[in-house]
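We will go from stop to stop, and at each one you will hear what to select.

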Amino acid sequence: MTTTEGKRATYKQRYEEADDGLRFQSLTYTGNFVGMEPVTDGIKGDKTMKSRARSKVLEKVSKDDVLRDEFTIDELNDLNNYLAWNIWDVLVMRATEGVSGMIPRQEYEILAFMHEFYRWPEILRMTTAEVGGGQGIMDIGATARREIGTKVNAVHDWCIGAVGFGMGRCGLLALEAIGPDDYVGESNEILKFMQRVLWGKRQDGYILNSQDRYRCRIHEEDFLQQLTGQVEPLENGSPKHAAFTQFNAAAELLSFLDHYDCRLGLGDTGPYELPDGNLLILRDLFVNEEVFHWSDVCEDAGLPHCYTLALVVDPEKMALEEIRVNDISTTFTRPKNYIEAIVGGAVFAREKWNTPMGEVYPIKIDDLGEHLGRVQQATLKLYTKTSRMCRRDLIWNGQYVYYIDMILPHLRLAGTYDKACRDYDLWEIDQRVANYYYDITKRGFAQETVPSKIFSGAGYLPFSDKASLRNSKGRWL
Amino acid sequence: MADVLAEGYNVFDTAKSPSGTVKYLESPADVIGLIQSGRLAEHILLVQGGTTTFLAPALSMGAIGVITMSGAPESHLGILSREFQTPCVMTAHLTSSESRYVVGNTDPSHFEEIAKALDGRKVRLDCTDHEVGRVVADD
């Protein structure tokens with residue numbers, strides 16, 4: 001932390017109305033706004049995107065708005081544009097990472113995107129009906145306000161719309177499998193589901209963290225106090241600090257690996273300002289997802305479904321300029337290194353996805369060593385197991401991580417997961433997507449087209465003025 | 001002034017400046033072999049991709065420094081190296097070469113050139129700058 005000595009934290013300026021935030025990257029976004037001033041990342045980008053909307057759907061919306069059956073074409077286009085920018089904002093730099101050497105992620109991602117767009121609408125429609133309508137879906141979102149270790153979180157909820165609708169439709173458009181005015185009704189189904197879950201969770205009128213200057217402060221005060229009561233003080237450089245941060249990193253790594261190198265395995269909320277001025281980040285690390293067959297090594301290691309870490313950061317210690325908890329549940333700061341500014345921590349474990357909150361238990365930092373050993377053991381076993389899998393298995397396993405896990409928490413809470421498996425063949429691969437398996441490696445589709453169309457925001461074509469809200473796809477020609 | 005062999009994105013600024021012999025890892029078998037050799041702490045790891053699973057056990061078991069040929073601090077490997085406090089230079093390019101990484105459009109010769117130049121060299125990572133990480137000759 002030699003570079004921040006003598007400086008003061010300025011991050012609160014980011015929450016002033018006129019402030020445009022910092023730039024975290026030098027790239028700019030164009031999307032469907034060709035010929036207009038390019039859009040930046042961060043708070044300024046959010047303001048620009050809101051100013052270009054034709055409807056009010058990107059402003060704070062009411063419960064009645066959310067309960068309305070469907071979006072208008074203008075609202076659909078505003079959401080499409082905003083999600084495309086948001087995807088670019090959080091993923092354009094991540095998407096520079098190239099080949100994995102382990103898991104063919106670009107390949108499984110694009111298959112999952114398209115599979116979701118085709119298959120989710122009827123499953124989400126069924127789920128909405130089973131819980132009695134839109135209010136039931138909002139209630140599912142609201143459960144996250146008083147839980148930790150829940151996958152009803154920013155990244156999963158965002159994925160419903162940003163991935164299932166946004167990237168799925170974008171990928172199919174790029175593959176020329178659909179036209180811009182196809183599947184309007186299905187698009188509405190997916191986006192309404194997303195809006196309801198997110199609105200129910202946030203309850204401040206917004207749905208995305210980027211609309212609220214990258215804050216995801218969803219927990220009730222009394223609930224937070226139960227967690228902060230377990231926080232132990234930590235001093236940078238001490239063995240206890242090292243034990244806590246080492247465990248955070250190792251468990252986060254396993255959560256990535258168990259979820260095939262994607263961010264569905266972790267979920268941050270916050271920042272919550274504590275009475276002493278420090279900031280709290282709550283981090284769920286899902287190290288054992290029972291629905292994945294390869295997670296048996298995590299089960300064998302005796303790992304819980306989720307570890308939740310409470311990280312207390314001293315903003316003055318790092319001269320914090322900006323903190324973002326973005327919509328894929330990941331925290332980024334300027335300066336970048338917040339680890340040395342962690343001054344307190346606590347760890348909790350939730351054994352199963354449905355373990356009652358009253359049975360979630362704290363783990364003392366002095367006792368983390370044994371848990372760390374189990375995490376490392378599972379990591380090595382899962383790595384060895386994964387390295388022996390053939391390419392096809394890796395791609396379809398990864399596809400399932402996206403296509404199943406992104407809506408799994410919502411179906412579980414709705415009680416419709418078994419019905420989706422039994423009556424809707426959830427785990428079957430649609431024939432159309434099965435055939436795309438052979439197309440995605442041709443002409444660099446996964447390696448070049450996907451990054452250029454999906455992560456750069458260039459392929460999110462709008463619905464036309466002629467599009468009917470009832471449009472599905474009438475013909476395959 | 002020490003000879004800067006390569007530069008890239010600095011994932012996080014740190015006073016840590018690990019030194020070791022560059023080990024280019026091409027396959028999961030290479031990663032497992034290095035861990036089993038017990039010599040993980042002697043090496044700065046060089047990998048092509050910026051994803052995290054490929055290096056998973058090496059990170060977990062205490063890698064001292066990482067160089068990648070693609071990716072950014074927002075990539076999964078960037079996030080994890082920050083969490084592990086493992087200094088990491090991403091999308092490194094040789095200072096002696098004009099060749100640069102372009103997403104989805106990089107000839108394999110780009111990666112081969114970097115691997116050939118760095119593999120086996122004794123280097124030190126300089127990650128004190130906010131944005132630029134440097135691979136410095138240490139032999």
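**First stop: a proline in a strand**

Select Pro271(A), which is found in strand β2 (residues 266-273) of chain A; helices (H or I, at least four residues) and strands (E, at least two) are DSSP runs, numbered from the N terminus. This is a predicted model, in which local features need pLDDT of at least 70, side-chain atom pairs count only at pLDDT 80 or more, and totals for chains, interfaces and linings use all residues. Residues are numbered from 1 along each chain as its sequence is written, while chains are lettered from A and ligands numbered from 1 in the order in which they are written.

Now show the backbone between Gly270(A) and Pro271(A): the peptide bond joining them is cis, with omega about -5°. Another cis bond runs from Arg334(A) to Pro335(A), with omega near -5°. Pro335(A) sits in the loop between β6 (331-334) and β7 (342-350) of chain A. Most peptide bonds are trans, and most residues other than glycine have a negative phi.

**Two domains of chain A**

Colour domain 1 (30-216 + 391-455) and domain 2 (221-387) of chain A separately; these bounds come from an automatic or database domain assignment. The C-alpha centres of the two domains lie 25 Å apart. Their contact takes 32 residues from domain 1 and 33 residues from domain 2, where contact means that C-beta atoms, placed from the backbone, lie within 7 Å. Which helix gives the largest share of the domain 1 side? Select α12(A), which supplies six residues. On that side, the residues divide into 16 nonpolar, nine polar and seven charged. Here Ala, Val, Leu, Ile, Met, Phe, Trp, Tyr, Cys and Pro count as nonpolar, Asp, Glu, Lys and Arg as charged, and the others, Gly among them, as polar.

**A bent helix and a positive phi**

Next, pick α6(A) and look at Ile160(A), where the helix bends by about 35°; the bend is the angle between axes fitted to the seven residues ending there and the seven starting there. Because 20 of its 21 residues are buried, α6(A) is largely enclosed by the rest of the structure. A residue is buried if 20 or more other C-beta atoms, placed from the backbone, lie within 10 Å of its own, exposed if 12 or fewer, and partly exposed in between. After α6(A) comes Glu176(A), with a positive phi near 60°.

Move on to Gln203(A), in the loop between α7 (184-202) and α8 (221-228) of chain A. Its phi is also positive, near 60°, and Gln203(A) counts as partly exposed because it has 14 C-beta neighbours inside 10 Å.

**Across to chain B**

Show both chains: 37 residues of chain B are in contact with 38 residues of chain A. On the chain B side, α3(B) gives the most, with seven residues. Between α3 and β5 (88-94) of chain B, find Gln85(B) in the loop; its phi is positive, about 60°.

**Last stop: strands of chain B**

Select β1 (residues 4-10) and β7 (residues 132-137) of chain B, which pair in the antiparallel sense over five bridges; strands pair if DSSP finds at least two bridges between them. Gly8(B) has Gly133(B) as its bridge partner in β7(B).

Technical notes: Contact = placed C-beta atoms within 7 Å.
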